[in-house]
Amino acid sequence: MSKFYITTPLYYVNDEPHIGHAYTTILADVISRIKKKQNNDVFFLTGTDEHGQKVQEAAEKRNVSPKEHVDEYVTRFKNTWKKLNIDYDYFIRTTDENHKNRVKEILNNLYKTGEIYFDEYEGLYSVSEERFITEKEMEEGSFREIKKIKEKNYFFKMSKYKSKIIKHIESNENFILPKSRRNEILGFLKNDLNDLCISRPKSRLSWGIELPFNKDYVTYVWFDALINYISAIGYNRDHKKFNYYWPADYHLMAKDILTTHCVYWPTMLMACNITLPKTIFAHGWWLMNDTKMSKSIGNVIKPLELADKYGSDALRYYLMRNMVLGQDSSFTISSFNERYNSDLANDYGNLVNRIFILISKNFNNMIPTKGELDLIDNQLINNVEKSRDLALSNYNKLKIHDGIENSISIFRLINKFLEDKAPWKTIKKDKILAGTTIYLSAEALRIGTILLYPIIPEKSKLILDSIESSHKDKITFGELKENLTIKIIKNIFPRIEN
Ligand code: ME8
């Protein structure tokens, strides 16, 4: 058994969870479930980023302490993940005592070894992004509320690691994926790399982790938040656990936070003499009318509303099927309805109904026994096995949308097989022939359903339970028990009527 450690970003606790957050988290959940099925010892981490200016301001506005504010707001993320069947192993909050202590230890060590120094600095500061920006970044225009600030601060010697990080990226093809993002970071590193300001004076911001070597300052939110990936798995506390899970196999995120993860984080790790993560994977954005979905623009779709209306599986399915990993994708209600109706209601749901009705009507709710196989039967088995192998190989390459398509194509094969064999006709003359057709259809349905389990865990469990199977079972033909009395389920994916 090998270990597999996967993480999502720590979402800003102030924001209400939207489709973008849901996408990354569902993707991590799907990958975790796929890896578990392949017998990996998976650790799946998610959580919330709870310090900083915006949290402090939001708490002041609500007239509560920042701690009360985050304790209340974190439940919105936890409830959403519960509703969406996110099976994480640990939920970390940057306000956890353990996390804060690890951050302080790291700061202390880096200060002692001279990796952090004190200096006066005059520069451009983006209040909205809570960080100093370069002249070039200001000219590019994506930063708001820019002020010129002159103050004394602590700096991490990030510039010192410039050639080392370039070398690492160049010699590790899978360190940043997809390739386009890797090129983007290598392009960014062609410019000067500044040292990183890692403190904020308390006169400006008090809601943060206090610097262990100067009580008048708190830690810059990114320097604090990135450390979660190691503090959550026992860094400097549970050495055995840390050495087992680290380095992370996948840090998942969207392309908006590439620089912090591909430059700040690795250089911080280098300064601490810690191995770098294996892969940083940046997926695309969910767009609404060609603009990124984000709270500040106010064009967000709330996942809970969709999940309440159509079920969490329907939402998980749409998000996984409609985004090609790495590319942007547009969210529209009409594409949601279309996808649901064509794949889940028609191809899958109707097939489940059809097979279950055939079994209840003609075989007294029992899976029929199978007789001799003919050419068409063997063709079905071959084609289903081909689709299954393609699905597994695509899942392995993280081409989740292709893996789903291969799995759904199994249901289309079964539908066609049933049309060709018409067991509702043959049953009158040859019960064994019809029974064989129905047995093979139910068995192929079982295989397709197990393949879709990581994407739609709730509905697939209902179907598998009804035939006394489980997602852990083998996906080869011949596993389904003959003469088994099944629980008939009806209308598993009711059509969405517009
Ligand atoms: O950046 N499409 O938190 P955040 C796809 N706290 N994914 C999206 C998305 C969209 N329109 N919008 C958000 C932060 N996401 C920091 C991270 S990590 C140590 C600290 C997802 O709440 C995507 O994963 O802004 C993106 O990278 C993340 O939410 C940003 O979350």
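**Exercise 1. Sort the lining of the second largest pocket into nonpolar, polar and charged residues.**

Solution. Start with the classes: the lining has eight nonpolar, two polar and five charged residues. Here Ala, Val, Leu, Ile, Met, Phe, Trp, Tyr, Cys and Pro count as nonpolar, Asp, Glu, Lys and Arg as charged, and the others, Gly among them, as polar.

A word on the model before going on. It is a predicted one, in which local features need pLDDT of at least 70 and side-chain atom pairs count only at pLDDT 80 or more, while totals for chains, interfaces and linings use all residues. Residues are numbered from 1 along each chain as its sequence is written, and side-chain values use heavy atoms, with hydrogens and water left out.

Next, find the pocket. Its lining is made of 15 residues, and Arg33, Ile34, Lys36, Lys37 and His471 lie nearest the centre. Two or more lining residues come from each of α1 (19–37), α15 (375–396) and α18 (431–452). Of these, α1 gives the most, with four residues. Helices are DSSP runs of H or I with at least four residues, strands are runs of E with at least two, and both are numbered from the N terminus.

Finish with the volume, about 300 Å³. A pocket is an open set of points on a 1 Å grid over the protein atoms alone, where a 1.4 Å probe fits, with protein on both sides within 12 Å along at least five of seven lines; lining residues have an atom within 4 Å of a point. Grid points are joined across faces, edges and corners, and the volume is the space filled by probe spheres set on the points.

**Exercise 2. Follow the chain through Leu398, α16 and Ala422.**

Solution. Begin in the loop between α15 and α16, where Leu398 lies. Leu398 is not a glycine, yet its phi is positive, about 60 degrees. Leu398 counts as buried because its relative accessibility is 6%, and buried means under 20% relative accessible area, exposed over 50%, partly exposed in between (1.4 Å probe, protein chains only).

Now walk along α16, residues 400–421. Its 22 residues reach 32 Å from first C-alpha to last, close to the 32 Å expected at 1.5 Å a residue; the expected span is 1.5 Å times one less than the number of residues.

After α16 comes Ala422, with a positive phi near 35 degrees. Ala422 sits in the loop between α16 and α17 (423–426), and Ala422 is buried, with a relative accessible area of 12%.

**Exercise 3. Which residues have the most contacts inside the largest nonpolar core?**

Solution. Look for Leu319, Met320, Tyr348, Leu445 and Leu452 within this core of 97 residues. A nonpolar core is a set of buried Ala, Val, Leu, Ile, Met, Phe, Trp, Tyr and Cys residues joined through side-chain atoms within 4.5 Å. Helix α14 (residues 333–363) gives the most to the core, with 12 residues.

Then zoom in on Met320. Leaving aside neighbours within four places in sequence, Met320 is in contact (heavy atoms within 4.5 Å) with residues including Tyr23, Ile26, Leu27 and Ile404.
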